[in-house]
Every structure is written in C-alpha cells, then in structure tokens.
Amino acid sequence: MMTKKTTLVFNIITIIWQLLLLLLLSCHDLNLANAAGGKWDLLMSNIGISAMHMQLLNNDRVIMYDRTDFGASNISLPNGKCRNNPKDLALKVDCTAHSVEYDVSTNSIRPLMVQTDVWCSSGSATSDGTLVQTGGFNDGRNMVRTFKPCSTCDWQEIGTGLIQGRWYSANQILPDGRQIIIGGRDAFNYEFYPKTASTNKVFSLPFIQQTNVPKEENNLYPFVFLNVDGNLFIFANNRAILLDYTTNTIVKTYPQIPGGDPRNYPSTGSAVLLPLKNLQAQTIQAEVLVCGGAPIGSYLKAARANTFVGALNTCGRITITDPNPQWTMETMPLARTMGDMVILPNGNVLIVNGAAAGTAGWGIARNPVLSPVIYRPDNPSGSRFEVQNPNAIPRMYHSTTVLLRDGRVIVGGSNPNELYNFTRVLFPTDLSLEAFSPSYLDSNSANLRPQIISPASQKNIKYGQRVNIRFTLSGSLLNTNLIKVTMVAPGFNTHSNTMNQRMLVLSSEKVKKTGIFTYQISSIFPNSSKLAPPGYYMLFVVNQDIPSEGIWIKIQ
C-alpha cells in the first residue's frame with residue numbers, strides 16, 4: 001500500500017513523464033511541419049514575354065528572352081521602335097519585344113530588342129560581365145549577340161560569329177576567358193568564341209554523334225563542366241567523357257549511368273557540379289550530380305502515341321576526379337523531368353520546376369511537379385532530400401530559374417505551346433515571374449544572418465589573394481566552426497541546363513571577433529583559373545547554413 005509521500009512522488013514522476021512526452025511529440029510535429037520549407041512570392045504577373053532563357057548580370061539585373069518567331073509579344077518596344085526582318089517566320093515587322101531586362105531592386109522590366117531568332121540558344125557571362133549569346137533558330141543559328149550590363153544598353157549583333165549553326169548547344173567559360181560552344185542539333189563538333197587564327201574552325205567530336213538516338217536525339221544541351229584539371233566533363237544522353245579541348249583528345253571515358261536512361265533533351269534531366277572545396281589541397285575533388293530525366297523511348301511515346309511515361313526519380317552522383325570513377329545512385333522523393341538545379345549560397349542544391357510524366361517538347365508533358373526539393377550534398381546518403389512548399393503555377397517546358405544575390409531564386413517561363421497561347425490549352429503560355437525564398441530567409445533566422453561590411457561590392461581580386469572579410473552578426477552567439485565563405489558564378493539557364501554555374505568554398509582561417517557584433521575571417525581565393533574562370537562571382541558569408549546577402553567580386 002502506497003503512503004501519501006510515495007503517492008506524491010509517483011504523481012510528480014508521472015507529470016514529468018507526461019510533460020516530456022508532450023515535448024517530444026511537439027518537437028516531432030515541429031520537425032514534420034518544417035520538412036516542407038520555403039516561401040513563394042509573385043513578383044510580376046506579366047513581364048511581356050515567356051522567360052525561356054535567363055542570366056543574372058553583375059548589376060543585379062536579369063536578362064530574359066524567348067524567341068522572335070512567336071508573333072507579337074505582350075510588351076512593346078520603346079519609342080515606336082520596330083524590328084524589320086524579312087527572314088522572320090512569324091512577323092516581318094514586329095514592334096514588340098522578345099527580350100527584357102528585369103531590375104531586381106525595383107522589381108521592374110525594360111524591353112530589349114533582338115534582331116534575329118534566339119530560340120533555344122546558349123550563352124555565358126564573360127570576364128568583363130558581358131553576356132555573350134550564341135546561336136538560335138532560323139536566321140539566328142550562326143549569330144553571336146552581346147549585352148553589356150548597363151542601364152541603357154541593348155543587344156548588339158555580331159553577325160555570323162559561328163562557323164557551325166548552333167541550336168540546343170551548350171557553352172562553358174574556359175580558364176583563358178574564351179567560351180567553348182559544344183554540340184547542338186546536327187552539330188557533332190565544337191568551336192570557340194572569340195576565335196583566333198588557330199581556332200577559326202570547328203573541331204570534330206564524335207562522342208556527340210555517338211550519343212545521338214535516331215528520331216529522339218537525347219543528347220541536346222549536353223551538360224558541360226570545367227574540371228579542376230582544366231579539362232571538360234561532357235555528359236550527353238546517359239554517359240560522359242573528359243575532353244582535353246586543347247588537343248581534341250578524350251582523356252577519360254566514364255561508365256554509363258546505371259539504368260542507361262537518357263538525361264538530356266528531350267528526355268530532359270538536369271545536372272550540377274557540386275561545390276568545390278579544399279582549394280589549397282594538392283588534390284581537389286570534383287563531383288557531378290545528374291538528376292531526373294525520362295525513360296528510354298518516352299519522347300516518341302508522348303509525341304506519337306499520346307502516352308506519357310512517368311519521369312525518372314533517380315539521381316546519379318560521380319566523383320569525376322577519381323582514377324576509377326563510379327556512379328552512386330540516389331532516389332528523389334519526386335520524379336521529375338525538365339527540372340532545374342540551382343546551387344544555393346550555403347552549398348545546398350534546389351531542384352525546381354518540371355513535370356512528372358512525358359518529356360520536353362510541344363505539349364508532351366503532364367503532371368506538373370509543383371514542389372521543389374532541397375538536396376544537401378554533405379548529409380549522409382538517404383537523408384539528403386527535403387521536399388519544399390509548392391507553388392501554384394505549373395512550370396513546364398521552357399521554364400527558367402536563377403539565383404539572386406539576396407539568396408532568393410527567381411522562376412519564370414513555361415510555354416509548351418508552339419506560339420503564345422493563353423487559352424484552350426492544357427498548360428497556357430505563362431508570362432509571370434516568381435521568387436522562391438528558401439527557409440534560410442525566414443524571419444526566425446534573422447539573428448543568424450551575417451551582413452558583409454567589407455570589402456565593398458564589385459571588388460577586384462587576384463588569383464591566390466588573401467582577403468579579410470568583415471561582417472556583422474547580431475543577436476546570436478557565433479560558432480566559429482560553422483562559418484564558411486562561398487563564391488558562386490551566376491549561370492545561363494535554359495532547358496534545365498544552367499551553364500557555367502559554379503560554387504567554390506574558400507579556404508579560410510578561424511573567425512576573429514573585432515567588435516561587439518563585428519567579426520573578420522581571412523579567406524584565400526582560388527589560385528588558378530582552372531578552378532574559377534575569370535569573371536564576376538557572388539560572395540557570401542554563411543553561418544550555420546544561413547547565408548548573408550552576397551556581394552559581387554571580380555576575380556582575374
């Protein structure tokens with residue numbers, strides 16, 4: 001029989017246990033609620049064009065364009081200007097714009113004029129910040145166009161700057177600042193821009209032809225990444241090579257991705273070079289992640305039989321610098337074709353846009369995937385994916401996305417129709433522009449968010465230079481072991497391929513406290529243009545996965 005004292009103790013223990021149980025359950029519920037993170041905001045309901053191609057420039061303005069042979073867009077060219085082009089397939093005289101400049105700071109657009117057809121082209125931001133755009137359709141296949149980052153600039157056409165017509169090709173900035181343009185429809189070769197006497201020709205690349213599937217292709221917009229040794233990793237269809245472009249020699253052939261399913265257009269997946277780390281080490285590791293796509297034969301089944309095969313739900317990850325590289329396969333929580341992969345300032349990867357069935361092409365995809373996914377490459381296998389909050393706008397074929405300096409990701413486009421078509425179709429042409437804010441921008445993370453106070457934005461930095469980066473952090477205790485500095489090259493995005501996207505995690509010394517809320521970290525920049533091609537990068541200080549707003553730096 002229990003005494004009053006024993007009963008009291010028992011009751012106290014029971015109450016404590018119940019409180020602990022409630023606390024555990026509430027924490028469990030909180031974790032489940034946080035499993036879906038991020039926030040969507042509509043920036044503009046109508047930018048006038050469908051954003052099929054997108055590039056952030058170092059003046060915090062985003063250049064977007066669709067195609068000239070669509071007919072009239074929803075935004076007029078300024079001052080009564082019209083484009084007169086007798087070769088155009090839709091309008092010989094067109095007084096509407098097919099390219100716009102989006103000003104991030106004012107959330108406004110400015111119409112731009114392209115003369116020839118830029119549809120399904122490629123591009124790169126060069127070392128001085130100029131966007132160089134290559135190829136296109138119809139009269140634009142051999143064209144090169146440039147856009148300088150200034151408030152009054154417009155497109156300039158350089159004429160036939162390409163020897164081979166380029167449609168669905170891929171570009172990569174090289175260590176010397178030139179760009180290489182690889183592949184494209186019926187283009188089984190590569191060339192350079194600008195050209196020299198020794199490079200004023202095309203260079204045969206049989207690999208592109210070998211990966212071409214008759215009537216289906218599956219090798220367009222190949223994934224191209226500059227490896228740390230200066231060679232090019234090129235993935236097309238379901239396999240990859242390492243190319244020494246200086247001698248036109250294949251120095252390594254990688255194993256086929258397990259399953260053998262295609263990952264390139266039109267069975268479109270996406271790919272990213274994962275953040276480069278340990279940049280002062282004698283050996284630097286480089287990894288590539290390829291996600292999504294469509295099973296073999298999906299394009300023809302959709303285009304000919306109206307049968308929409310489910311998209312791939314797998315990712316392949318490979319260390320391209322290994323002597324004996326092998327693919328490691330992972331399963332995404334959501335199957336996806338036509339997804340886009342964006343490296344976030346903290347080194348995680350956002351997978352967004354796309355469909356769960358069908359392929360790229362006119363009206364041959366179904367089941368839009370509205371929920372993005374965060375991939376955390378440093379987590380243990382099996383715990384890397386996290387589904388995010390969905391948006392309400394399907395982003396299907398011809399959708400785009402890029403990272404902004406403030407850490408948001410802008411999303412636009414979606415036009416699976418052969419012309420502008422806003423009615424009586426399953427997925428109408430979309431002219432809106434949205435922003436996805438990852439959970440690191442939540443207000444409850446404000447006390448963890450660093451603010452860079454020096455150097456000033458637009459700073460010029462030399463290879464191998466050590467720079468003291470000063471930042472403030474108010475309202476929280478700083479764990480010096482959880483601070484890192486990252487630099488991100490803004491990429492050119494189209495057709496689920498973000499060309500030149502690149503992140504480097506800088507080698508840094510321990511953080512020093514220099515004031516009440518002020519700190520300094522000394523970071524060493526990459527010592528080679530093979531690691532970081534010359535040009536503009538966004539620099540971030542990251543505290544416990546919460547990034548600062550970035551600043552622009554130029555490495556040369």
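Q: Is glutamate 157 buried, partly exposed or exposed?

A: This is a predicted model. Glutamate 157 has 29% relative accessibility, so glutamate 157 counts as partly exposed.

Q: Which residue forms a salt bridge with glutamate 157?

A: A salt bridge needs a side-chain nitrogen of Lys or Arg within 4 Å of a carboxyl oxygen of Asp or Glu. Here the partner is arginine 145, and the closest N and O atoms are 3.6 Å apart. The pair links distant parts of the chain: arginine 145 is in strand β10 (residues 143-147) and glutamate 157 in strand β11 (residues 156-160), twelve residues apart. With a relative accessible area of 0%, arginine 145 is buried.

Q: What is the N to O value for the salt bridge of lysine 39 and aspartate 41?

A: The value is 2.7 Å for the side chains of lysine 39 and aspartate 41. Lysine 39 is partly exposed, at a relative accessible area of 45%. Aspartate 41 is partly exposed too, at 30%.

Q: Are aspartate 430 and arginine 395 buried or exposed?

A: Both residues are buried. Their side chains meet in a salt bridge, 3.1 Å from N to O. This pair also links distant parts of the chain, 35 residues apart: aspartate 430 sits in the loop between β31 (409-413) and β32 (433-437), and arginine 395 in the loop between β29 (385-387) and β30 (399-403).

Q: Which residues do salt bridges with shared partners join into one network?

A: The network consists of Arg61, Glu101, Asp103 and Arg110.

Q: How many salt bridges does the count come to?

A: The count comes to 24 salt bridges.

Q: Turning to disulfides, how many does a search of the whole structure find?

A: The search finds three disulfides. Counting bonded cysteines along the chain, the pattern is 1-2, 3-4, 5-6.

Q: Which cysteine is joined to cysteine 82?

A: The partner is cysteine 95, with an S to S distance of 1.8 Å. The link of cysteine 82 and cysteine 95 is right-handed, with 90° about the S-S bond. Cysteine 82 counts as partly exposed at 25% relative accessibility, and cysteine 95 counts as partly exposed at 34%.

Q: Why is the disulfide of cysteine 150 and cysteine 153 right-handed?

A: The torsion about the S-S bond is about 110°, so the disulfide is right-handed. The S to S distance between cysteine 150 and cysteine 153 is 1.9 Å. Cysteine 150 is partly exposed, with a relative accessible area of 24%, whereas cysteine 153 counts as buried at 18%.

Q: Where do cysteine 291 and cysteine 315 lie?

A: A disulfide joins cysteine 291 to cysteine 315, at 2.1 Å from S to S. Cysteine 291 lies in strand β21 (residues 287-291) and cysteine 315 in strand β22 (residues 314-319), so the pair ties together parts that are 24 residues apart in sequence. The torsion about the S-S bond of cysteine 291 and cysteine 315 is about 115°, so this disulfide is right-handed. Cysteine 291 and cysteine 315 are both buried.

Q: Is cysteine 120 buried or exposed?

A: At 0% relative accessibility, cysteine 120 counts as buried.

Notes
Residues are numbered from 1 along each chain as its sequence is written. This is a predicted model: local features need pLDDT of at least 70, side-chain atom pairs count only at pLDDT 80 or more; totals for chains, interfaces and linings use all residues. Side-chain values use heavy atoms; hydrogens and water are left out. Buried means under 20% relative accessible area, exposed over 50%, partly exposed in between (1.4 Å probe, protein chains only). Helices (H or I, at least four residues) and strands (E, at least two) are DSSP runs, numbered from the N terminus. A disulfide is a pair of cysteine sulfur atoms within 2.5 Å.
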